[in-house]
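Please read them with the structure open.

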Amino acid sequence: MTHSPPIGDLATHEVTNQPPARDMADLWTSDPILRHYAGANGADQAALSAYGAHMGSAEMRAAGREANRVPPELLSFDRAGRRLDEVKFHPAYHDLMTAGLQAGFSAAPWEEATPAGHTAHAAMCYMTSQVEPGVTCPMVMTYAAVPALGADPALAAEWVPKLTARDYDTARAPVGEKRAVTLGMAMTEKQGGSDVRANTTRAVRSGDHYRLSGHKWFCSAPMSDGFLTLAQTEEGLTCFLVPRWLDGERNPIHLMRLKDKLGNRANASSEIEYHDTLAYRLGDEGQGVKTIIEMVHHTRLSTSVAPAGLMRGALSEAKYWVEGRSAFQRRLIDQPMMRAVLADLALDLEGTTALAFRVARAFDAGTREERAFARIAVALAKFLGNKLAPNVIYEAMECLGGMGYVEDTPLPMLFRESPLNSIWEGSGNVICLDVMRALARDDAAREAVMAELSGVRGENPAYDAAFSAHLDRWPALPDEGEARWFTESLASLLTANVLIRQAPAAVADGYAATRLGRPRGRVYGAVTGLDTQAILERLG
């Protein structure tokens, strides 16, 4: 007869070589890099400290996991067959939206009483991206719609006070009946992609408004209270504001399906159709791109800082793990090869963060020179930071070994998110062409960037040599085939420039030497000569 062993005998062993579960970490106080650049560029540190503590709490981290675990659901019809065209979210999604909007994520840049509001917005985007990146999409577009609405004072008077209200109101009601509203965007069509001039959606005048008919291949945040969209009139491509709710009825914006995406799972992205949909013209007919580009310009600020937030989320997890785990009788953090990898990764994190916050400062300054600088610098920051993010996050994942591949950690979510911001608001090639056009056509932008790059000459030999080599190779703009090389070179120089001005010497010198100077390996950790101790201290 076989006897079962007592329950106590089934125990295997005590877990001694894994750090405790990391359910919370204050996103502000634990991050020297964020505090340094947000503070150096004038943001309200007390407000950001409160936001970082709240978003890093166990409650908000759990909300982020739930919002990713339970994706939004399309509700096309009610039980009687009437169209609903609504999106149902997990309650955690609404908790995250409430936290961000009440803290001023969308409002701060437009409030006179808030210092360095664009920088504060960038810092909140950076921190939120570590917990749940999907909710940043509707909040970013709500923020970015404000300057675009300046094309029509009457529409601005109706919408902007609700867009900049520090509140979140999910009521199904027209703008005049709500405490606060959000605004989305619908530009892309199947046949054109980034070439929006190929759009076929039509707009026909009907009294003081227009009626739209057409299909949009991507509509971001379809649960928003309104959308900026593009449609063709007799004068050409034109920008319109489409309200989602009319007095007593739904505007016919039909949600055809939600996109099944790699990442950004908590956020709803959709295909929509306009069927005789009411819309108000924003700006002149035929000037649609010129009008909506104001929104795109501001969303690009967020897409330049988001990769820094994703990298920070990944590297903070990696550092926590290697400090709490040992192999071959030594803590991982004490092993030279691991330190070399982490320090190399940390240089790209700090460089991406520094450049994004320098761009945010240019948005805040509002002078002619800083506006011209931001025109190109935001594209350069978006291009380089997003090209770096997937590899940085992958290497951080590998620092955890098998655990980094498991959904119990945030690494899989961060990795899935990492390609998004490079694709959104202009993929890599589009950004490179935009940089080339701006340098060719905008004298003020070209002069502002050159003045910035020239301002630290003589302070770092590696930088000086790389700047001279860049000018020697491209005395004039290159042809399109070299546009990526040119853009990467210019973005790397600008990153080094900001670090030389603002970062500790170990960071600035390490970045200039390894990103601009001598040849380096193609994998992280394949560099020598870094002051790893000084660089790793910056991770907190």
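This is a predicted model: local features need pLDDT of at least 70, side-chain atom pairs count only at pLDDT 80 or more; totals for chains, interfaces and linings use all residues.

1. **Helix 10 against helix 16.** Helix 10 spans residues 368-399, and helix 16 spans residues 483-502. They pack at an angle of about 100°. Their axes are 9 Å apart. Angles of 65 to 115 degrees count as roughly perpendicular, so helix 10 is roughly perpendicular to helix 16.

2. **Who makes that contact.** Helix 10 contributes Phe-373, Ala-377, Leu-380, Phe-383, Leu-384 and Lys-387. From helix 16 come Arg-484, Thr-487, Glu-488, Leu-490, Ala-491, Ser-492, Leu-494 and Thr-495. Sorted by class, the contact has 8 nonpolar, 3 polar and 3 charged residues.

3. **The annotated region.** An unreviewed UniProt entry carries the annotation "domain: Acyl-CoA dehydrogenase/oxidase C-terminal" for residues 286-439. I take the label from that record. In the model, the chain over residues 286-439 is 79% helix and 3% strand. The end C-alpha atoms of this stretch are 25 Å apart.

4. **Asn-199.** Is Asn-199 buried or exposed? Its relative accessible area is 3%. The cut-off for buried is under 20%, so Asn-199 is buried. Asn-199 sits in the loop between strand 3 (183-186) and strand 4 (202-206).

5. **Neighbours of Asn-199.** A polar atom of the Asn-199 side chain lies 3.0 Å from the backbone oxygen of Met-187. Leaving aside residues up to four places away in sequence, Asn-199 touches Met-187, Glu-189, Gln-191, Lys-216, Leu-230, Gln-232 and Leu-237.

6. **Asp-85.** Check the backbone here. Most residues other than glycine have a negative phi. Asp-85 is not a glycine, yet it has a positive phi of about 50°. Asp-85 belongs to strand 2, which covers residues 83-88. Its relative accessibility is 8%, so Asp-85 counts as buried.

7. **Glu-425.** Where does Glu-425 lie? Glu-425 is in the loop between helix 12 (420-423) and helix 13 (428-441). Glu-425 also has a positive phi, of about 60°, although it is not a glycine. With a relative accessible area of 9%, Glu-425 is buried.

Conventions:
Residues are numbered from 1 along each chain as its sequence is written. Side-chain values use heavy atoms; hydrogens and water are left out. Axes are lines fitted to C-alpha atoms, for helices over the stretch in contact, and angles run from 0 to 180 degrees between N-to-C directions. Helices (H or I, at least four residues) and strands (E, at least two) are DSSP runs, numbered from the N terminus. Angles under 35 degrees count as roughly parallel, over 145 as roughly antiparallel, 65 to 115 as roughly perpendicular and the rest as oblique. Contact means heavy atoms within 4.5 Å. Ala, Val, Leu, Ile, Met, Phe, Trp, Tyr, Cys and Pro count as nonpolar, Asp, Glu, Lys and Arg as charged, and the others, Gly among them, as polar. UniProt positions are given in the numbering used here, feature names are shortened, and annotations may be inferred rather than shown by experiment. Buried means under 20% relative accessible area, exposed over 50%, partly exposed in between (1.4 Å probe, protein chains only). A polar contact is a pair of N or O atoms within 3.5 Å; within protein, one must be able to donate a hydrogen and the other to accept it, and residues adjacent in sequence count only if both atoms are side-chain atoms.
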